[in-house]
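User: Please take a close look at one part of this model for me. I would like to know how it is built and what surrounds it.

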Amino acid sequence: MSAQDTHGSASAEVAARVERRWATIAVIIIVVMAGLAAFAGIHRATMPQPRVETIDPSRIHLSGEFVESNLGSVLEASGAVTVRAIGQQYSFTPACILVPADTPITLRATSADVVHGILIQGTNVNTMLVPGYISEQLMRFTRTGDYLMPCQEFCSFGHEGMWGKVKVIDKTEFANRAKGGGRLSCVGQ
Ligand code: CUA
């Protein structure tokens, strides 16, 4: 055996050793990640949901909280605001949600058909609208202005055209508009 052959087999051995080491590390990473995913999934599944509200999506327009006349924003006696909205292929009702700044707001929404999503750009408001369930999310806006509200769950061919808007106005102006009672929105404004 020549000196060159000895050298060649030695470096092949080193290469094999390094390769084995990295293969072991890669396998460990995969096992750890699979373990984490399994733990998170099982842990979540065993936790009770804090609250689940169900609703019959085929009847929401006929009676109850989500009839058309009850959709929009309402100023509660406590000074807080409740917004009710529905998503359907391919729009939100109301398409423009009117809310006051610096006010605790409860958004309550559901879907009339398939899964949709509400995302208010520039905020952390992001929730799915699942038919049969009421989604509730608390929010508060510090700045007045218009915020885009795209549907963030693919809901078939018109998904990319499903947009709404949130208009945040001054608290006093909102209170003035709310005086007349009823439900407020900024549709057509
Ligand atoms: Cu509704 Cu996407």
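**A loop residue and the strands around it**

Analyst: Ser 156 sits in the loop that links β9 (145-150) to β10 (163-169). Keep in mind that this is a predicted model. Let us start with this residue. Most residues other than glycine have a negative phi, and most peptide bonds are trans. Ser 156 is not a glycine, yet its phi is positive, about 100°. Is Ser 156 buried or exposed? Ser 156 is exposed, because 10 other C-beta atoms lie within 10 Å and the cut-off for exposed is 12 or fewer.

Asp 102 lies between β4 and β5. Asp 102 is not a glycine either, and its phi is positive, near 50°. Asp 102 has 12 C-beta neighbours inside 10 Å, so it counts as exposed.

Two cis peptide bonds come next. One runs from Gln 89 to Tyr 90, with omega near 0°. Tyr 90 belongs to the loop between β2 and β3 (91-93). The other runs from Thr 93 to Pro 94, with omega near -5°. Pro 94 is in the loop between β3 and β4 (96-100).

Strand β5 spans residues 105-111. How many of its seven residues are buried? Five are, so β5 is mostly covered. Strand β5 pairs with two strands. Strand β2 (residues 81-88) runs parallel to β5, and seven bridges join them. Within that pairing, Ala 85 has Ala 109 of β5 as its bridge partner. Strand β8 (residues 135-139) runs antiparallel to β5, with five bridges between them. There, Arg 108 stands opposite Glu 136 of β8.

Where is Asn 70? Asn 70 lies in the loop between α1 (3-46) and β1 (72-75). Setting aside neighbours within four places in sequence, Asn 70 is in contact with Glu 65, Arg 84 and Arg 183. Asn 70 has 13 other C-beta atoms within 10 Å, so it is partly exposed.

How values were computed:
Residues are numbered from 1 along each chain as its sequence is written. This is a predicted model: local features need pLDDT of at least 70, side-chain atom pairs count only at pLDDT 80 or more; totals for chains, interfaces and linings use all residues. Helices (H or I, at least four residues) and strands (E, at least two) are DSSP runs, numbered from the N terminus. A residue is buried if 20 or more other C-beta atoms lie within 10 Å of its own, exposed if 12 or fewer, and partly exposed in between; C-beta atoms are placed from the backbone. Two residues are in contact if their C-beta atoms, placed from the backbone, lie within 7 Å. Two strands pair if DSSP finds at least two bridges between them.
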